[in-house]
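Dear colleague,

Please find the structure below, handed over for your use. My notes on what was found in it follow directly after.

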Amino acid sequence: MIRLLLADVRHRPARAALTSLAVVLSSCVVVWVVSGYDALLGQSIDENAAKALGRFDVVVAAGGGPGGPATKGGGGPATKGPRPGGPATKGARPDIPGGRGGPGAGALPPPLIASLREDAKVAEANVTSQSRVSVGLAEPDPERDVLRHDRPPVLGMPPLDPPLIGTDAHEPPYEMEDGRWIDPALPADAPGEAVLSAGYVGRLKAEVGDDLQVNSEVGRFVVRLVGIVEQPGGGGNGRGGGPGQAGLFVPPALAESINGYPTRVGRVNVALKDGEDVGAFAEELRERLRSSGSSATVTDLRAMKEGMAQGLSRQGTSTLAYSATGVALLAALFIIFTALSMGVSERGRELAVLRAVGLTRGQVAGMVFLEGLFLAMLGWLGGLAAGWGLLRIVASAKPELFPDGAALGAWCVALTGVAAVGGALAASIQPAWRATRVAPLDAMAPTPTAPPTRWIVPAAVVGLALIAINPLIVHVVPMGPTARAWAYAAVGCPAMAIGFLLLAPLVVRVVERIAGPAVAALLGLSPRMLESILTANLWRTLGATVALTIGLGLYISTQTWGYSMLAPFTPGDWAPDMLVGFEPSGLPDDRLAEVAAVPGVIPGRVLAMAVEQPRVAGAAAGTGGGAGGTIGTLDTIVVAGVDIDLAFGGEDPMIPLTYAYGDRDSALARLKEGRGLIVPDHVLESSGLELGDSLELIPPDGPPGRTVAYPIVGAVSLPGWHWMTKMTGLRRRAVRTGGLAFAPAADVRRDFGVERTNFVWLDAEPGASPAAVEEGMQAIAEAHGEATFRAPGVGEVVSKRPYARLTATETIRTGITWRADAVIWGMSQIPLVTLLITSLAVADAVASSVRGRRWELGVLRAVGVTRLGLVRLIVAEAILIAAVVLALGFGFGVTAGWCGAGMSRYLSPFGGMPTPLIIPWARLWIGVGAALALCLLAAVQPAVAAGRAEPLSLLMAGRASA
């Protein structure tokens, strides 16, 4: 069998070369993705984990902290000593209403700090606080003495600049790159000095000796940059969540002055004495905290490594590696299947002769399996070699991507082997079965290549039934989220894939019958020449088309899923043009006329709002989140108190709403009676509440146990409320929220103590500049803002600079779309690479078709068909294959994308949001055009070879094969 296999390879080297090359490329994709994951894993955990802790051994953080829950981590033989470097991980949010890093962030109790400093095992324990500020080079405007670009952060918004870190450490936590460390004993009235992490220095283009301007909620401050400290990696994300802290380090007294409130210690960095067991100390401290009921966390080296591994898992890096392997497995399967199927069809008489001279059915089947394994091994070994060479080239050009050098790990070798060998074995089953059906007497006459067609329609009916299972599971059948997820993965997706495979023969027949005459007319051919050009060897056609459909279908499904998922999070037409927040204390009502008078604002389109973000109480609390996370969970809700008539009434309301439950007239009537609430539709759908039910809310500054109830009078479609509340400051606290609701302004002010208008929604004149409008609003804020405000969890804070923050709705839409385009395009690259790889199967199929029809082509040339006529005939076959690929790819891609977007309601961290089907036609042309171009390119070489051949040579070759 081995000698027969090698003889066939020598006789048809082009097929073996094309098939092996396709498997090589598939394996190379897996090598690249998996090796990149291995490098990331090694860089983030094995080498760099300890660097995030700097010179400390243990970090104790309030309420959530950097390293994961306090029960993790625990003990090992680690002792104090030097550490290699690495990035930090992003930590969990504290469980205090004020959120991470703001005035209301969690604080460690003084007795815990004192006990750590008095512990005999501790050499040093210094404390840090962290808060939100914005930082820029001190380049004041000569006229107004304020920064041209910088402004204070909105309380509760994610910080976009270095966090302010107050620390009493006498030595730097990480290595100094330039300058010196701060003096922590400096009083507040001394000239301010600060040290900045290296990553932020690069962004600000700052140098030691520069003056930096720091803007906070309470004013503007200038500090001198005296040093640059090493960036600890993941802690430098601007959110301060990891064990490694990155930001603007200042003395504690200066931090209090900038913040406007006393220092609240959020973490203690602990260095143990030489020889102490770090793991034992950390576990002992965790047990002490657990017994006292504290929510503080303890992070040592082991706990931080576990946190990093979990973080990588949450980012889906391992899923990406498995996905790439799955795609490569499918590509290898159908590529090898196409090659083996064509081999069985072309060697029908040869197999019959071998059966006649003594080969058993098992030996014939073994030959097919052996050929599949031979092609897979060539592709696997070649893919490993090509992938290793690619990694070496990239590692040489960009060594920072592979700090340990390029290497093929065991996991990488195993996954590529599974993709290649597994695909070969699966692909060999059907061709091997067909080979065993060849009888010895078939050597007397050519074996018919066209299979019986009576099964095509029944198979298509079964296929359509299987395809319908997934949409029914996702969109129709009622079941719980967990059961739906299992049914989707274990039943719906496999059934859909099998269904499209069963539907493919009918699609081939329909395309051949409908598109064949049109293609014949286009290329000047007789329609009869294309009547059975695809179905003459249906297995060969199916292998080639399904192989190419994998890449195209995945591309279309990715695009459809991505932009369908984007729709619920893009602010719709319900949102007015601009939202202005007057921080921190709002505006008095009698000054709203000045807002309407700002140039660019339409005077009658100014909607004053009283906004608060209370917690939800009662049965609805905590509902609404998807199985994959808690964003969108009904823990809190943003309540906007508005003028009901201006916001929702009349023929042209400021906020035009589409009601999913209830209607406008009844909702407005109830709101005017007082104490009504309009909520997003997903709140009702996921919480179990109904129209007329009351939503219980906890006033943030009310007495313990007090709640207020708002009856729900309407539920509306409110796409984009997530980003409208997040990017504008409507979220009054740095915690996730479950929705944006509307109520009468008087009720919100009374129930939540909102004394002044803190937000204004407005429509702008066409062409109005947001920057110019914001400048006018800033002047109003500075003229009428109050000197004090209440910060959550802190109390009254003195403000030295009231300000206005304007956010244009169109800016939010543009930013979301731009970011989504980049993410979706990144996800679409592997499907496009797969499309390129599987095009080799089409090239092999067209070449095989030419080889199988050499007698027919010779007869056509003999009766007068020109060389160009043969070329047009082969190009016509490639066009019809492309049409089949487009039909199957579009059907599979749209169905898979629609079902995937629908499952996001149950699996996504943004659970509960309905997702409409969005087909991004303009972006699909990339994949469609690539599929069509690849099919045409695959036909070039066979067409040229057939056109150049002489009629006699075609007749002799065809007769010999028959």
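The scale used here calls a residue buried under 20% relative accessible area, exposed over 50% and partly exposed in between, with a 1.4 Å probe and protein chains only. Arg-675 sits in the loop between α17 (664–673) and β17 (677–680). Its phi is near 60 degrees, a positive value in a residue other than glycine. Most residues other than glycine have a negative phi.

Please note that this is a predicted model, in which local features need pLDDT of at least 70 and side-chain atom pairs count only at pLDDT 80 or more, while totals for chains, interfaces and linings use all residues. Residues are numbered from 1 along each chain as its sequence is written, and side-chain values use heavy atoms, with hydrogens and water left out.

As to the protein overall, it has 26 helices and 24 strands; these are DSSP runs numbered from the N terminus, helices being H or I of at least four residues and strands E of at least two. Of its 962 residues, 54% count as buried. Contact means heavy atoms within 4.5 Å. Among contacts between residues at least 6 apart in sequence, 83% join residues at least 24 apart.

Helix α12 (residues 456–476) packs against helix α13 (residues 481–523) at an angle of about 150 degrees, with the axes 7 Å apart. That angle makes α12 roughly antiparallel to α13. Axes are lines fitted to C-alpha atoms, for helices over the stretch in contact, and angles run from 0 to 180 degrees between N-to-C directions; those under 35 degrees count as roughly parallel, over 145 as roughly antiparallel, 65 to 115 as roughly perpendicular and the rest as oblique. The contact of α12 with α13 involves 22 nonpolar, 4 polar and 2 charged residues. In this classification Ala, Val, Leu, Ile, Met, Phe, Trp, Tyr, Cys and Pro are nonpolar, Asp, Glu, Lys and Arg are charged, and the others, Gly among them, are polar.

Helix α13 also packs with α14, at an angle of about 115 degrees and with axes 10 Å apart. The two are therefore roughly perpendicular to each other. Leu-501, Ala-504, Pro-505 and Val-508 of α13 meet Leu-538, Thr-541, Leu-542 and Val-546 of α14. By class, this contact has 7 nonpolar, 1 polar and no charged residues.

Further along α14 (residues 538–566) is Leu-554, which is partly exposed at a relative accessible area of 24%. Leu-554 and Gly-893 are 339 residues apart in sequence, yet their C-alpha atoms are 6.0 Å apart. Thr-560 is also found in α14 and counts as buried, at 0% relative accessibility. Beyond its neighbours within four places in sequence, Thr-560 is in contact with several residues, including Gly-893, Trp-898 and Pro-920.

Finally, Glu-371 lies in helix α10 (residues 361–397) and is buried, at 6% relative accessibility. Leaving aside neighbours within four places in sequence, Glu-371 is in contact with Leu-5, Asp-8, Leu-340 and Arg-347.

With kind regards
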